[in-house]
Amino acid sequence: MKEPVHIGKSPSAKPDLQQLLHEVALGDQEAFAAVYDAVAGSVLGIARAVLRDHAQSEEVAQDVLVEVWRTAPRYRPDRGTAINWILTLAHRRAVDRVRSVEAAAARDTKAALLEHQPAYDEVTEQVETRLEQEQVRRCLRTLTELQRQSVTLAYYRGLTYREVAEALALPLGTVKTRLRDGLIRLRDCLGVTA
């Protein structure tokens with residue numbers, strides 16, 4: 001059986017990422033360089049698969065590798081392999097970037113919609129309110145005295161039907177009838193459809 005022929009560098013055994021991460025956790029820059037060389041391509045591949053944008057993928061890959069340097073002491077071999085830990089960091093960071101970009105786009109869209117909404121016109125609102133108040137006053141003047149008193153006590157002073165009857169010294173049924181008739185006349189005068 002023939003041995004395979006290798007062109008260029010001779011193949012070396014894959015580095016022990018778990019041991020390298022332990023050394024990175026102790027601040028070993030050479031160990032980090034070896035980790036970088038071993039995982040940079042895979043990290044970039046994960047980022048590209050999620051983001052589909054070359055520039056953003058490179059940024060995320062760089063962020064992940066910096067995070068590996070900073071958080072290497074947090075790696076726990078009993079919870080998974082070193083490469084899985086690093087690729088999980090990469091995937092999470094890429095998904096976070098997608099969400100961030102989507103949220104920014106949503107904020108921009110919302111801001112653009114708010115810019116196109118007409119401004120609240122306080123003067124117009126005040127004029128409309130005064131005109132409506134004047135129309136209600138005019139319609140109240142068309143009611144009989146008893147109807148006007150009953151409506152005023154019930155709707156402007158907030159009295160119950162029973163309290164209106166006591167205040168006017170009238171039977172409750174009479175007050176209810178006057179209120180109903182008065183409200184019907186107000187509705188007709190104001191042009192409100194039932």
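Biologist: Which residues does the UniProt annotation "domain: RNA polymerase sigma factor 70 region 4 type" cover?

Modeller: This is a predicted model, in which local features need pLDDT of at least 70, side-chain atom pairs count only at pLDDT 80 or more, and totals for chains, interfaces and linings use all residues. Residues are numbered from 1 along each chain as its sequence is written, and side-chain values use heavy atoms, with hydrogens and water left out. UniProt positions follow the numbering used here, feature names are shortened, and annotations may be inferred rather than shown by experiment. According to the unreviewed entry, the annotation covers residues 134–186.

Biologist: On which residue is the kink in helix α2 centred?

Modeller: Helices are DSSP runs (H or I, at least four residues), numbered from the N terminus. The bend at a residue is the angle between axes fitted to the seven residues ending there and the seven starting there. Helix α2 spans residues 29–51 and has a kink of about 50°. The kink is centred on Val-39.

Biologist: Is Glu-67 buried or exposed?

Modeller: Glu-67 is located in helix α3 (residues 54–71). Buried means under 20% relative accessible area, exposed over 50%, and partly exposed in between (1.4 Å probe, protein chains only). Because its relative accessible area is 14%, Glu-67 is buried.

Biologist: With which residues is Glu-67 in contact, leaving aside its neighbours within four places in sequence?

Modeller: Contact means heavy atoms within 4.5 Å. With those neighbours left aside, the partners of Glu-67 are Ala-72, Leu-89 and Arg-93.

Note on methods: Helices (H or I, at least four residues) and strands (E, at least two) are DSSP runs, numbered from the N terminus.
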